[in-house]
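Subject: Handover of a structure and its findings

Dear colleague,

Please find below the structure that I am handing over to you. My findings follow directly after it.

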Amino acid sequence: DNIMGTLFVDKLDPQSGTSLELGSSGDTVAVNTGATTNLAGNVTLGASGKTITVPAGATITNSGTSTGFGFSISGASGCQSATQSIPDSTFTKVTLGNEKFDTNNEFSSSKFIASAAGTYLVSGSVLENGEAGASVQHFATIYKNGVRFLDGGQTTDYGVNYTFNAPTTAVVLAQNDYLELYYFHNKGSALTIGYSGQFQSTQMTVLRII
């Protein structure tokens, strides 16, 4: 028989070695508006394949540490440690000899190698210090798995100390996919990138966002 009414207790405990279950398949277990649920232990919400819904107008307030979702600072950044000569009219890999940070040991040999599949935010820039000529074209370029992927180009006239940026973009990487920074110019002879005290201007930064 179904018994309707209110049960007043101070504590519900399962039998020793078992789990306490509320409701059955198809039931709805509700916490009344105005009541407070305090879950002081470890909590698992939902199960694989299930959907957890936060209704419109509700607010999630986080005062602790969040992992596994949202924007997390996980990734790596490398920059120059010395000047580099770039030959004319050739896409050349930029040597990034210094690490600015590397949270998952994903940066080595001037290359970012994804330790896990995900969506990453990548940016790159190159500081040139050797242009001398009219209408010189420059490209700071991101390569993905050895293939030209993203260009940031500009034409300059008779100048030095320009910084050229590869547009910041999101890129989906599989595990062990890799990203590198390349540079191109058509000055007509070799051109130097980087100079003492400004090596961090030539850099590549990759952050995992999902």
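Arg 148 and Asp 151 form a salt bridge in which the closest N and O atoms are 2.4 Å apart; the term stands for a side-chain nitrogen of Lys or Arg within 4 Å of a carboxyl oxygen of Asp or Glu. Arg 148 is partly exposed, at a relative accessible area of 42%, and Asp 151 is also partly exposed, at 27%. Here buried means under 20% relative accessible area, exposed over 50%, and partly exposed in between, with a 1.4 Å probe and protein chains only.

Please note that this is a predicted model, in which local features need pLDDT of at least 70 and side-chain atom pairs count only at pLDDT 80 or more, while totals for chains, interfaces and linings use all residues. Residues are numbered from 1 along each chain as its sequence is written, and side-chain values use heavy atoms, with hydrogens and water left out.

Salt bridges

The whole structure contains three salt bridges. Another of them joins Lys 11 to Asp 13, with 3.4 Å between the closest N and O atoms; both of these residues are exposed. A further one links Lys 93 with Glu 180, whose closest N and O atoms are 2.8 Å apart. Because Lys 93 belongs to strand β3 (residues 92–93) and Glu 180 to strand β11, this pair ties together parts that are 87 residues apart in sequence. Strands (E, at least two residues) and helices (H or I, at least four) are DSSP runs, numbered from the N terminus. Lys 93 is partly exposed, with a relative accessible area of 24%, whereas Glu 180 is buried at 5%.

Strand pairing around β8

The nonpolar core

Which residues touch the most other members of the largest nonpolar core? They are Phe 112, Ile 142, Leu 179, Tyr 183 and Met 204, within a core of 24 residues. Such a core is a set of buried Ala, Val, Leu, Ile, Met, Phe, Trp, Tyr and Cys residues joined through side-chain atoms within 4.5 Å. The elements that give two or more residues to this core are β7 (118–128), β8 (136–144), β10 (162–173), β11 (178–185), β12 (191–193) and β13 (203–208). The largest share, four residues, comes from β10. Leu 179 has contacts, meaning heavy atoms within 4.5 Å, with residues that include Phe 112, Ile 142, Val 171, Met 204 and Val 206, when residues up to four places away in sequence are not counted.

Asn 186 and its surroundings

Asn 186 is located in the loop between β11 and β12 and is partly exposed, with a relative accessible area of 28%. Beyond its neighbours within four places in sequence, Asn 186 is in contact with Asp 88, Ser 89, Ser 135, Val 136 and Gln 137. Ser 89 lies in the loop between β2 (84–86) and β3, and Ser 135 in the loop between β7 and β8. Most residues other than glycine have a negative phi. Ser 89, although not a glycine, has a positive phi of about 55 degrees, and Ser 135 likewise has a positive phi of about 55 degrees. Ser 89 is partly exposed at 40% relative accessibility, and Ser 135 is partly exposed at 46%.

A nonpolar surface patch

Leu 7, Val 9, Leu 12, Leu 20, Leu 22 and Val 29 make a nonpolar surface patch of about 620 Å². Val 9, in the segment before β1 (74–79), counts as partly exposed at 45% relative accessibility. A patch is made of residues with over 30% relative accessible area and no salt bridge, like charges being joined within 9 Å and nonpolar side chains (Val, Leu, Ile, Met, Phe, Trp, Tyr) within 5 Å. Accessible areas come from the Shrake-Rupley method with a 1.4 Å probe, and for residues only the protein chains shown count as cover.

With kind regards
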